[in-house]
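Colleague: Hi! Could you walk me through this model, a piece at a time?

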There are 2 protein chains.
Amino acid sequence: MSFDVLQDKIREKKNPTVAGLDPKPEYVPAFIRKASYEKYGETLEGAADALWEFNKGLIDALSPIVPAVKPQAAYYERLGWQGMAAMEKTIRYAQEKGLFVIADIKRGDIGSTASAYADGWLGKTKVGEQEISVFDADCVTLNGYMGSDSINPFLDVCKATGKCAFVLVKTSNPGSGELQDIVAGDRVVYKVMGDLTERLGRGTEGKYGYTCAGAVVGATYPSDMRELRRRLEKTFFLVPGYGAQGGTAEDVQYAFDKMGHGAIVNASRSIMCAWQKTGKDGEDYQEAAYNAAVAMRDDIKQYVTIV
Amino acid sequence: MSFDVLQDKIREKKNPTVAGLDPKPEYVPAFIRKASYEKYGETLEGAADALWEFNKGLIDALSPIVPAVKPQAAYYERLGWQGMAAMEKTIRYAQEKGLFVIADIKRGDIGSTASAYADGWLGKTKVGEQEISVFDADCVTLNGYMGSDSINPFLDVCKATGKCAFVLVKTSNPGSGELQDIVAGDRVVYKVMGDLTERLGRGTEGKYGYTCAGAVVGATYPSDMRELRRRLEKTFFLVPGYGAQGGTAEDVQYAFDKMGHGAIVNASRSIMCAWQKTGKDGEDYQEAAYNAAVAMRDDIKQYVTIV
């Protein structure tokens, strides 16, 4: 229940990291793209096929070392329904390999609409008398600007299925403060969102003490992260911003509790593009990704010990 | 440029309304669902086919009376890639019938990711040497919780293509105030978001004086809407919440400027489900939708005169 499944997988691999699957075209080695374009031409089918082949290779290489992957919907949606089909296949394949899948969708809408998203991404979609699993991820990311009625429909599905969700609280991007850092009484906006998230999850605590409502807290603002960790005792953190965006292992240590639980750190570019630094034109992308994932795990291990 | 295309279409039809295409299963008449399930079974293909047939009929019926349609992505995504293919077809078909299409996607993410979404929904996706139009809507809705770097990539595509976008400012749902109404200094959060939107659009004013960055402002909070109209002189409004959610024609009049320009009012359920009130099991859904659209236009005409 809640984040137990993910925390168990993290403990098993002694690795609190998630590999982002954000396949920008230039991240995919040329030989993979070439093979797909030869099959399907320079079409959306061709690009989606390249992305799927790349993901499959990454998942094969990474499944022994990382507990989770996080496909970012935008890089699939930009290829239309062909890309969305590749996202579905990627989610399914990663789960078959024992990985926990966080679909990075950042959805948020009014209640009835949020329910439709929740059915598609976490639950089941009713068609006539059938109940069909669609994207069927283990977890999603959400945007709560519209308030609790945009989050609750997802949490309802989480409660019914044992799944979980991360709400954007303090994001890692340069512009995150424009809205999130606004002072509102004795709080700032991101703390309001954090408090709301912890409140909405109440009553769903799993064996590690975390509810099904987690929070996205960027590594690029480590002092904010430290404060949020103290403030939100029952909220599991997804931490973007490590590596290419500037967050360090020293920074991310504050996302974890005393047991080394309660957080997972994302890296996308540094793992997916590790092949660009070995001078082998991507032929070794699997080995390079594996080595980068090991290096990241070991980097974080210096500061975080998982009990 | 900017909202000129939409405003022209509104003036042509003397109707400042947009029909939402949010095809929940129960909105689709049984005879349409039955025909699709007979062809494809009770599958995602079958449900997507029913949704597409229903949309096509609605578009045929509504294109003489409304200037725009607004498909809501959630109801397509819940059917997986099959649903997304139906969304693509719906957008294309509506455009062929002369309608302006607002893709209600409420996306928002860090810069590079927002760019990928913008390419897929408004611009073109690069595949090898090809540039491919994917969803290719005329306009999208956006969530700016992450700040200006989550909005600007969309506005860049708008500037290059003459398209436009609506940023969530003050939404129509019951929980909208939890975050949006928080007092921050001399403003509230939704005004901060509104000011940000107007600022980001600066320099893109079209012939009606509106920039490419519009705002979603719910009809259910009419006094907030009135204040926002005064405050954001160059920001075009998308107004949800009329009809089933409780907003009236009297309420929505405050979204418009003195020329009756600068806003479009959405209705989904009251048009799509008009057939449920005529006792004919949906056989007359096209006529019922048309009549509901006429009634809505005439209702708003009592308070808004379009120059």
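**Helices, strands and two copies**

Modeller: Let's start with helix H9 (residues 189-201) of chain B, which lies across S7 and S10 of chain B and runs at about 160° to S7(B). Helices (H or I, at least four residues) and strands (E, at least two) are DSSP runs, numbered from the N terminus. Touching or contact means heavy atoms within 4.5 Å. Axes are lines fitted to C-alpha atoms, for helices over the stretch in contact, and angles run from 0 to 180 degrees between N-to-C directions.

Colleague: Before we go on, what are the ground rules?

Modeller: This is a predicted model, with local features needing pLDDT of at least 70, side-chain atom pairs counting only at pLDDT 80 or more, and totals for chains, interfaces and linings using all residues. Residues are numbered from 1 along each chain as its sequence is written, chains are lettered from A and ligands numbered from 1 in the order in which they are written, and side-chain values use heavy atoms, leaving out hydrogens and water.

Colleague: Thanks! How do S7 and S10 of chain B pair, then?

Modeller: Strand S7 (residues 164-170) and strand S10 (residues 213-217) of chain B pair in the parallel sense over five bridges. To count as a pair, two strands need at least two bridges found by DSSP. As one example, B:Leu168 has B:Val216 in S10(B) as its bridge partner.

Colleague: And what do the eight strands of chain B close into?

Modeller: A barrel, with parallel pairing, in the order S1-S2-S3-S6-S7-S10-S11-S12. Neighbouring strands there are turned by 30° against each other on average, direction ignored.

Colleague: What holds strands together in a sheet, in general?

Modeller: Strands of a sheet pair through backbone hydrogen bonds, either parallel or antiparallel.

Colleague: Switching to chain A: in what order do its eight barrel strands come?

Modeller: They close up in the order S1-S2-S3-S6-S7-S10-S11-S12, again with parallel pairing. From one strand to the next, the twist averages 30°. S6(A) pairs with strand S7 (residues 164-170) of chain A over four bridges in the parallel sense, and A:Thr141 has A:Phe166 in S7(A) as its bridge partner. Helix H5 (residues 80-96) of chain A packs on the sheet, where it touches strand S1 (17-21), strand S2 (68-71) and strand S3 (100-107), and its direction makes about 150° with that of S3(A). Helix H13 (residues 285-301) of chain A lies across S1 and strand S12 (263-267), running at about 140° to S12(A).

Colleague: How are chain A and chain B related, then?

Modeller: Chain A can be laid on chain B with an RMSD of 0.0 Å by a turn of 180° and a shift of 0.0 Å along the axis. The two copies are thus related as by a two-fold rotation axis. The same surface serves both copies, as 100% of the contact residues of chain A recur in chain B.

Colleague: Now a helix pair, please. How do H9(A) and H10(A) lie to each other?

Modeller: Helix H9 (residues 189-201) and helix H10 (residues 222-231) of chain A pack at about 30°, with their axes 11 Å apart. They are therefore roughly parallel to each other. Angles under 35 degrees get that label, those over 145 are roughly antiparallel, 65 to 115 roughly perpendicular, and the rest oblique.

Colleague: Which residues make that contact?

Modeller: H9(A) supplies A:Tyr190, A:Lys191, A:Asp195 and A:Glu198, while H10(A) supplies A:Asp224, A:Glu227, A:Leu228 and A:Arg231. By class, that is two nonpolar, no polar and six charged residues. Ala, Val, Leu, Ile, Met, Phe, Trp, Tyr, Cys and Pro count as nonpolar, Asp, Glu, Lys and Arg as charged, and the others, Gly among them, as polar.

Colleague: What about H3(A) and H13(A), at what angle do they cross?

Modeller: The axes of helix H3 (residues 44-62) of chain A and H13(A) cross at roughly 50° and come within 9 Å. That makes H3(A) oblique to H13(A). Residues of H3(A) in the contact include A:Phe54 and A:Leu58, and those of H13(A) include A:Tyr285 and A:Ala289. This contact has eight nonpolar, two polar and two charged residues.

Terms used:
Copies are superposed by least squares on the C-alpha atoms of residues with pLDDT of at least 70 in both.
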